[in-house]
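Welcome! Take a moment to look over the sequence and the 3D structure before reading on.

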Amino acid sequence: MSDEIIQIETPFQFTEENRLEFDKLMGRYPVKEAAMLPTLHLAQKQEGYISPAVMRYVAELLEVSLMKVKDVVTFYPMFFEEPVGQYVIRVCHTLPCALRDCKVVLEHLKTKLNTDVAAETDLAKGTTSDGRFTLMKVECLASCDVAPVIMINDDLHRNLTPEKVDEILDNLE
Amino acid sequence: MVQERRILYEHLDVPDINTFDVFRQYDGYKRFEKAINEYQPDDISKMVMDSGLKGRGGAGFSTGLKWSFVPKDIKPCYLCCNADESEPGTFSNRYVLERNPHLLIEGILICCYAMGIETTYVYIRGEFTLGKKMLDAAIAEASAKGYLGKNILGTGLDVDIYTHPGAGAYICGEETGLIESLEGKRGQPRNKPPFPAVEGVFKKPTVVQNVETLCNLPFIVGNGVEWYTQMGPTYGDARFDPPKPDPNTGTKLYCISGDVNKPGVYELDLGLTCTELIEVAGGLRGEEVKAVIPGGSSAPILTHYELDTRLDFTSLTLAKSMLGSGGIIVMNETRNIVDCLLNIMKFYAHESCGQCTPCRWGTPWVRDIVQRIADGKGRQSTITRPKFGIAENGRWGDTGETEEIYEDLDLLESVANNIANVDTMTWNTICVFGIAVSWPAVSYMRKFRPEFEACIREGKLVTLSVAEATMKPEENYAYQQRIIPREME
């Protein structure tokens with residue numbers, strides 16, 4: 001038996017800036033565990049997704065079991081457990097958007113990016129081969145008056161048509 | 001034509017209203033100052049009670065009454081502002097957060113003063129990144145000006161507001177789900193009682209209020225109860241003698257989307273009819289109205305026969321529907337109701353939190369049945385059965401006719417009613433998500449049964465004309481049962 005540990009994951013640690021942000025969060029709640037969601041958001045912003053190393057790190061920071069972190073990460077659709085593209089495209093497909101032809105937008109995005117729609121357990125399915133985009137369907141984005149809408153990372157795009165989608169994607173770079 | 005009455009949204013389009021200085025020019029924080037200078041905390045609670053303000057989040061529960069349940073001797077007490085706006089068809093809170101965040105802060109301050117609360121968490125849904133940014137900036141600005149933090153304006157009042165991002169789960173809009181999520185757990189609703197007012201976040205008394213409800217507070221304090229109660233109808237609850245006043249006061253931010261020419265948020269007095277609202281929103285896009293969802297996707301659907309229903313809490317409840325969060329979705333004659341139901345059921349199957357078995361297994365089951373019908377594979381029995389209805393003697397019974405059996409429609413109703421029974425209003429789940437699933441499922445099926453039957457019969461998705469697709473009022477149980485409330489004199 002050797003004492004060597006096989007490295008199966010890249011270690012994770014907050015950057016100094018994020019660590020300060022995290023310390024600020026700590027002052028807000030009477031129990032540490034309550035900072036779970038904001039901490040995970042912060043970690044995901046840094047790492048791109050919630051890797052097992054991130055979960056371990058967050059569990060240590062918040063002094064909870066790893067299981068509890070995993071429990072939360074699997075519950076919320078906004079946390080990704082596998083790497084995603086540089087741009088995450090969320091297409092709303094709930095009723096008000098469906099009434100305004102979100103299908104056309106989705107189909108257009110599928111052909112344009114040449115990818116399928118990501119499944120919740122299989123994000124790679126919706127990620128382009130160059131790793132730039134991840135296409136996923138989401139439920140109501142609360143912008144039904146300007147439907148159909150998509151979100152690209154943090155930005156909402158309204159009243160979409162295939163032409164507008166082209167324009168937005170061309171301006172991304 | 002009904003006129004918009006902008007109160008909450010009055011200054012929404014003013015440039016830079018999100019900054020403290022501009023907000024201040026439009027009476028900003030003056031109502032809060034009035035509250036702390038002229039009134040005792042109990043006076044504010046009484047004003048809110050007298051104003052008849054009902055929670056705008058969905059349940060329409062009296063805000064004053066909710067506040068009265070909070071024990072005064074247990075401290076600390078928390079305020080959770082529910083900005084997890086995820087009900088399909090609702091989008092009014094987003095605009096408040098993104099454009100006029102100081103109004104929300106002022107509302108929170110008044111609530112905190114009235115209830116003796118020192119810490120507020122604003123639970124913002126994770127997708128509202130801009131809204132969170134704007135609110136965070138406004139909180140920082142208000143703190144710098146001395147309106148938040150310790151010893152506000154030298155009165156000894158301490159209030160801190162923190163924003164807390166959600167992460168895309170619809171169920172966290174349910175108040176106990178929100179509390180669980182705020183504590184850093186899965187957003188699975190709790191059994192009630194204890195209600196949050198007694199034991200909420202961190203096991204302390206908690207007031208949970210929607211953004212819109214809190215934004216009403218500055219105006220109630222600033223303009224007085226009398227001014228506020230002039231807006232909207234007050235009905236007499238006929239179950240009491242003499243009729244007990246049932247206020248539907250104030251304005252509502254109606255969010256209208258779907259097949260109208262000018263979708264958007266319209267702030268109107270409570271109590272206008274569906275037809276009037278569609279007119280305000282630029283009229284129908286299409287030839288005729290097929291259906292209207294009056295309160296977000298969870299609400300039972302209204303047919304074109306029911307467009308005279310007034311859109312307020314009491315009228316819609318008595319019409320066997322609900323105002324909910326005020327998200328109105330209009331559908332024109334080209335829409336297929338089976339397809340619409342399928343869309344909504346996919347939503348609920350995806351968003352069920354998985355805590356209670358009837359909901360966890362029932363929602364995908366209902367979705368699969370509707371999917372089957374939409375695919376043209378709906379099941380129909382080869383035998384017929386006696387048809388029950390209003391018989392010759394005018395009573396419910398055997399009509400002497402026979403009807404075909406549509407197995408899948410019976411199954412749909414049975415599964416949905418076993419998640420939550422829409423006729424007895426009892427649910428087999430912890431939270432009201434169950435009823436939010438079975439309400440649309442059963443009401444769409446009952447009110448547009450001819451369209452469902454046609455899809456099964458013809459083996460494909462068939463869109464019937466409005467007149468053909470809708471059950472006639474005399475055969476529509478919900479329509480027969482509806483009561484039109486009377487206004488108090």
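## A word about the model

Please keep in mind that this is a predicted model.

## A sheet in chain A

Let us begin with the strands of chain A. Four of them form an open sheet, in the order β2-β1-β3-β4, and their pairing is mixed. Which strands stand at the edges? They are β2 (133-138) and β4 (155-157) of chain A, and each has a single partner strand, so one side of each is left without a neighbour in the sheet. From one strand to the next, the twist averages 20 degrees.

Now follow one pair within this sheet. Strand β3 of chain A covers residues 150-152, and three bridges join this strand to β4(A). The two strands run antiparallel.

## Two cavities

How many cavities of 30 Å³ or more are there? The count comes to two. The largest cavity holds about 70 Å³ of space. Its lining includes four cysteines that you can pick out in chain B: Cys353(B), Cys356(B), Cys359(B) and Cys431(B). Also in the lining are Ile171(B), Pro189(B), Ser352(B), Gly354(B), Gln355(B), Thr429(B) and Phe433(B). Sorted by class, the lining of the largest cavity has seven nonpolar and four polar residues, with no charged ones.

The second largest cavity has about 40 Å³ of space. Val70(B), Pro71(B), Lys72(B), Lys75(B), Cys77(B) and Met115(B) line this second cavity. By class, four of these lining residues are nonpolar and two are charged, while none is polar.

## A histidine in chain B

Our last stop is His164(B), which you will find in strand β4 of chain B, a strand of residues 157-165. Is His164(B) buried or exposed? His164(B) has 0% relative accessibility, so this residue counts as buried.

What does His164(B) touch, leaving out residues up to four places away in sequence? From chain A, the contacts are Tyr29(A), Ala34(A), Leu37(A) and Pro38(A). From chain B, His164(B) touches Val122(B), Tyr123(B), Ile124(B), Ser181(B) and Leu182(B).

Technical notes:
Residues are numbered from 1 along each chain as its sequence is written. Chains are lettered from A and ligands numbered from 1 in the order in which they are written. This is a predicted model: local features need pLDDT of at least 70, side-chain atom pairs count only at pLDDT 80 or more; totals for chains, interfaces and linings use all residues. Side-chain values use heavy atoms; hydrogens and water are left out. Two strands pair if DSSP finds at least two bridges between them. Helices (H or I, at least four residues) and strands (E, at least two) are DSSP runs, numbered from the N terminus. Axes are lines fitted to C-alpha atoms, for helices over the stretch in contact, and angles run from 0 to 180 degrees between N-to-C directions. On a 1 Å grid over the protein atoms alone, a cavity is a set of points where a 1.4 Å probe fits but cannot get out, and a pocket is an open set with protein on both sides within 12 Å along at least five of seven lines; lining residues have an atom within 4 Å of a point. Grid points are joined across faces, edges and corners, and a volume is the space filled by probe spheres set on the points. Ala, Val, Leu, Ile, Met, Phe, Trp, Tyr, Cys and Pro count as nonpolar, Asp, Glu, Lys and Arg as charged, and the others, Gly among them, as polar. Buried means under 20% relative accessible area, exposed over 50%, partly exposed in between (1.4 Å probe, protein chains only). Contact means heavy atoms within 4.5 Å.
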